[in-house]
Amino acid sequence: MNEHLFEQLRHFLLMTRTLAVGCMQFGDTGKGKFIDLLMPFFDLNVRGNGGANAGHTVKVGDRLLALHLVPSGILHDADGKINIMGSGMAIDPLTLCHELDQLELASLSYDHLRLSHRALVVLPWHILRDRLSDTGTEKIGTTGRGIGPCYSDQREGLDINDLLNVDVLANKLRANFRHHKPFLAQADPAALANLLKTPALASGSYQSDHDLLNMDAVIESYRQYGQRLAPLVHNTDEEIQEFWRQSKRILLEGAQGLLLSLKHGTRPYVTNCDTSFQGMALGAGLLPEQVDKHLGIIKAYLTRVGRGPFPTELGGQRSDDWCNDPDITRKVEDERFPKADVNSSDNFLSGVALRKKGKEFGTTTARPRRIGWFDVPLLRYARSINGPDLIITKVDVLDECENIPICTRYCYTGAEHLLPGQKLTGGLYLNSVMEPRTEILQHCNTIYTHGPGWQQPTVRLTTMADAPEKLERYLRCIESWSNCTIHLVSVGADREQTIVRSSDPL
Ligand code: IMP
């Protein structure tokens, strides 16, 4: 990073010892870039929740590493810096070992990487359950990484420490499998056999001719994972408290987005842990009050992966169906809509164009992300939980828009619906904060205010003084409607494509 940006960020973080950075929308807002950018100012990078459902790409020279579990600050290993995968995470040991292989291939050290002995372990039957049950009309559109079943299994499931103790491991694996066996026994045998052939399930090595799966092979694999991971395993909850007492600077990295939180999101279309700042802190081994500052990331527009309510979606149901069709890949979309234009009169096509410009395809599943305009009631809701300090990303994706709508309120169109102290009826305007209930959001029309686009490239901007006035107006509009402050602006994937907008420390 250049010296000027370094100095600006140093000044910005002057008063911050423990900082949490997380997404205020539906995920995929660019946390990885900011963890990497801010890591020079911190001693520790800790991830406290989620698992291999998340994904970020790390660029090392010409090589791109797709990481899902290893925290985004992994490249920073100077001056005793430490990366922690905290006790709130759900770890698939097969994926983690694969990520360690990738780091080794790129000649990157992971001596500074630690794994909590209390983190949950994703087991083969969690992945099978996730993939076999997320179908039909009830489909959530999960990432299929076993995250939901693993978190649901916290009482009987295994944690990382169990991998270190061979007898305990074998007994617990057999006992846990007994809980899941009835579900697998009623699954379609052909579907089960096909899934067991996939790399996510050890490419056929768990298959058995006379049982649902080969338990001995599973036990042996997990024993080997334990051996490989043992040097990384620490009591990180205890250690992070000690680091905090020593006044080390701690950077907490979120996973997914607030609206995908089990506690605060649009249930059932959520992941299975609390992705709010509070959840991030607890999963990292800190109390929420031990975190001094929060920076929430918003994207200049919205995206959502999988099913679930999305009021500002460009193209509505057509987009939802298109993006959730397993046959639609980036290539298919390019061939079908080679000339999609952001300024098209067809919203669906504007969405296709923004998806292409913003490279909005999942890092974990390669699925097209659904695209929507900026949603102020959603941000107001996110602010009420995560606070008002923001980073905005992917501003450059809107560079060609002639006109940029911002949703400022909803009009409820559904049947009578009771909320505490409030009765919703069809035709009622919902003017303030989003109520994250699927049954309400599915029946909300969106009302927009329209501003002119800036229609000039922003990718080379380094200061707001040179930014188009219409861009500044867009940011002020978001701030004033939501009562938030945008401190940092990102206009591209590179570290240098970052503008520090605040002149005061956070
Ligand atoms: P799960 O976490 O795989 O159970 O998926 C539950 C929901 O969260 C689905 O809608 C997923 O698409 C969504 N989801 C999970 N992880 C991510 C992520 O990293 N980015 C965006 N969406 C995600």
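Both R370 and E313 are buried, a term that applies to residues under 20% relative accessible area, whereas exposed applies over 50% and partly exposed in between, with a 1.4 Å probe and protein chains only. The structure is a predicted model, in which local features need pLDDT of at least 70 and side-chain atom pairs count only at pLDDT 80 or more, while totals for chains, interfaces and linings use all residues. Residues are numbered from 1 along each chain as its sequence is written, and side-chain values use heavy atoms, with hydrogens and water left out. R370 and E313 form a salt bridge in which the closest N and O atoms are 2.9 Å apart, the term denoting a side-chain nitrogen of Lys or Arg within 4 Å of a carboxyl oxygen of Asp or Glu. This pair links distant parts of the chain, 57 residues apart, with R370 in strand 13 (residues 370-372) and E313 in the loop between strand 12 (302-304) and helix 11 (316-323). Helices (H or I, at least four residues) and strands (E, at least two) are DSSP runs, numbered from the N terminus.

Side chains of opposite charge can pair when their charged atoms come close. In the whole structure, 31 salt bridges are found. One of them joins the side chains of D159 and R118, with an N to O distance of 3.9 Å. Because D159 lies in the loop between helix 5 (147-152) and helix 6 (166-185), and R118 in the loop between strand 7 (113-116) and strand 8 (120-121), this pair ties together parts that are 41 residues apart in sequence. D159 has a relative accessibility of 15% and therefore counts as buried. A further salt bridge is formed by R437 and E439, whose closest N and O atoms are 3.1 Å apart. R437 is partly exposed, its relative accessible area being 34%, and E439 is likewise partly exposed, with a value of 33%.

The ligand is surrounded by 15 residues, of which the closest are D28, N53, T143, T271 and V305; a residue is included if one of its heavy atoms lies within 4 Å of the ligand. By class, this shell has six nonpolar, seven polar and two charged residues, where Ala, Val, Leu, Ile, Met, Phe, Trp, Tyr, Cys and Pro count as nonpolar, Asp, Glu, Lys and Arg as charged, and the others, Gly among them, as polar. A polar side-chain atom of T143 lies 2.6 Å from an oxygen atom of the ligand, and a side-chain N or O atom of T271 is 2.6 Å from an oxygen atom of the ligand. In V305 it is a backbone N or O atom that lies 3.0 Å from a ligand oxygen atom. Of the 470 Å² of accessible area that the ligand has on its own, the protein covers 95%, as computed by the Shrake-Rupley method with a 1.4 Å probe; for residues, only the protein chains shown count as cover.

N53, one of the closest residues to the ligand, is found in the loop between strand 2 (44-47) and strand 3 (56-60) and is buried, with a relative accessible area of 9%. When residues up to four places away in sequence are not counted, N53 touches T143, R145, I147, Q256, T271 and T364, contact meaning heavy atoms within 4.5 Å. The side chain of N53 is joined to that of Q256 by a polar contact of 3.1 Å and to that of T271 by one of 3.2 Å. A polar contact is a pair of N or O atoms within 3.5 Å; within protein, one must be able to donate a hydrogen and the other to accept it, and residues adjacent in sequence count only if both atoms are side-chain atoms.

Several backbone features were also found. Q256, which is placed in strand 10, has a positive phi of about 55° although it is not a glycine, and at 11% relative accessibility Q256 counts as buried. N483 also has a positive phi, near 60°, in a residue other than glycine; N483 is found in the loop between helix 16 (469-482) and strand 21 (485-490) and, at 54% relative accessibility, counts as exposed. Finally, R267 and P268 are joined by a cis peptide bond, with omega about 0°, and P268 is found in the loop between strand 10 (250-257) and helix 10 (277-284).
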